[in-house]
Amino acid sequence: MNAIKRLRKLQGEGKKIVGCFPLYPPVELFYAMELVPVVLWGLTDAHTQTPKSDRHLQNYTCFVARDLTEFILTQGHALLDGIFMYNACDTLRNLPEIFIKETKASGGSLPLIRMHLPMSPQDQTDSSKYFNDEINAVIRSFTEDLGTSFSSERFEEGIRLYNRMRKLAIFAQHRVARGRMGFLPFADTMRNACFMPVGEQVSALESLLRMYPEDSGDPNDSKTDTGVILSGILPPPPSIIAAIESAGMRVVGNDIASLHRSYADIPAPESDPCEYYRDFYFHHTPCSTLLFSGDRRLQTLMDMVDKTGAMGVIFVGEKFCEYEYFEFPYLEKELRKKGVKTLRIEISMQDDAHAGGISSRIEAFAEMTAS
């Protein structure tokens, strides 16, 4: 079931849906207000062209942003009850003005709630009070714009459910690393989970783990695979994943923002949303979209290499994603000093049908890494 059908299913069930642009929204907060947050990444099956988006965004804007914009301008009013955004990157930071202008021009109404996430390191500038005000403003805005109310009991329940989902995702990731399941069914399950209520996310992951139990597969075969780590904003398209695994490489670790970086942190339960999200954001797994975490990126990746024993790292660069491309050269240089081979591939999420050249590079990288 594609993203649009899943949104219509939620709508048919009477859910209030909040479309989230950043990868790390305060999902437990939305659960506490009886809203279903959906992270609107991976919308390539929603449309094949982006004509409305292209009227507002340059053609060198990453396809994630172009997809998001096209969806909001063409189908957002019909499928969403509101939009939530924070300042994840320069492109996303400037989209609200486009949406507000176009919404007014069309005579529609789609509440847009913004939060500014302080990007200065906490050991340099204490922005706790400012951040608390932002969290409280988000609650107030949703209460006023969508007619919701915040429940402390549901907030604590949401924390338990989302932490359960995160633990299951980590279990599934370990099974991929051990060769008990392929990376593609895992990545597909996580992508589909973005368009489900958290209870269904838990059920989907439990079903995946039953389908690929710990004792499945041939452990002797998996030992012959070359372990690699995938790093990037989004997982590669299915044909690229197939090329990686067909070349005899196994994804023993993932540093993908929409995957591991999004569920790696399991914050301690906390009844105060401000306390909870200060911990969640300011101690978050380092990500290029969280600028204050940049100094921790290299060490986190090196620790993953040591823990998994990976022989190589494949950087999956989303075309025109400036935040990731600023980091790649430095990370590659430091990994090579450590004796870890690297490969950088550039994709757009519409490149799946033209993966032949990338597949050839992956085969060559697999030979080089295994030697």
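Predicted model: local features only at pLDDT ≥ 70, side-chain atom pairs only at ≥ 80, totals over all residues.
Helix H16 bends by about 30 degrees at Phe328.

- E3 pairs with strand E1 (residues 17-20) in the parallel sense over three bridges, and here Cys20 stands opposite Phe84.
- E3 also pairs with strand E4 (residues 112-115), again in the parallel sense, over four bridges.

- Leaving aside neighbours within four places in sequence, Phe84 is in contact with Val18, Gly19, Cys20, Phe21, Pro22, Pro25, Pro26, Phe30, Ile113, Met115, Val138 and Phe142.

**Helix H4**

- H4 covers residues 63-79, which makes 17 residues, but its end C-alpha atoms are only 21 Å apart.
- A straight helix would reach 24 Å at 1.5 Å a residue, and H4 falls short of that.
- Of the 17 residues of H4, 14 are buried, so the helix is largely enclosed by the rest of the structure.

**Helix H16**

- H16 (residues 322-337) has 16 residues that should span 22 Å at 1.5 Å a residue, and the 24 Å between its end C-alpha atoms agrees with this.
- The bend in H16 is about 30 degrees at Phe328, and a proline, Pro329, follows within four residues.
- The buried residues of H16 are Tyr323, Glu324, Glu327, Phe328, Leu331, Glu332, Glu334 and Leu335.
- The cover over these buried residues includes helix H5 (90-93), strand E5 (226-232), helix H13 (260-263), H15, strand E7 (312-318) and strand E8 (341-347).
- Gly339 follows H16 and has a positive phi, near 85 degrees.

**Arginine side chains**

- Arg297 is found in helix H15 (residues 297-308).
- Arg297 counts as buried because its relative accessibility is 2%, under the 20% cut-off.
- The side chains of Arg297 and Glu327 are joined by a polar contact of 3.1 Å, and Glu327 is one of the buried residues of H16.
- Not counting residues up to four places away in sequence, Arg297 touches Ser231, Asp255, Arg261, Pro286, Cys287, Ser288, Glu327 and Leu331.
- Arg278 is found in helix H14 (residues 273-282) and is buried, with a relative accessible area of 16%.
- The side chain of Arg278 makes a polar contact of 2.5 Å with the side chain of Asn132.
- Arg278 touches Ser128, Phe131, Asn132 and His283, with residues up to four places away in sequence not counted.

- Glu34 is found in the loop between helix H2 (27-32) and strand E2 (36-39).
- Glu34 has a positive phi of about 60 degrees although it is not a glycine, and at 59% relative accessibility Glu34 counts as exposed.
- Gly182 is in the loop between helix H8 (152-177) and helix H9 (183-193), and is partly exposed, with a relative accessible area of 24%.
- Gly182 touches Val176 and Glu245, not counting residues up to four places away in sequence.
- Gly182 and Ser231 are 49 residues apart along the chain, with 17 Å between their C-alpha atoms.
- Asn192 lies in helix H9, and its side chain is joined to that of Arg191 by a polar contact of 3.5 Å.
- Asn192 and Ala204 are twelve residues apart in sequence and 9.0 Å apart in space, C-alpha to C-alpha.

How values were computed:
Residues numbered from 1 in each chain as written. Heavy atoms only, no water. Pairing = 2+ DSSP bridges. Helix = DSSP H or I, 4+ residues; strand = E, 2+ residues; numbered from the N terminus. Buried < 20%, exposed > 50% of the residue type's maximum accessible area, 1.4 Å probe, protein only. Polar contact = N/O pair within 3.5 Å; in protein donor to acceptor, adjacent residues only side chain to side chain. Contact = heavy atoms within 4.5 Å. Expected span 1.5 Å × (residues − 1). Bend = angle between axes of the 7 residues up to and from the residue.
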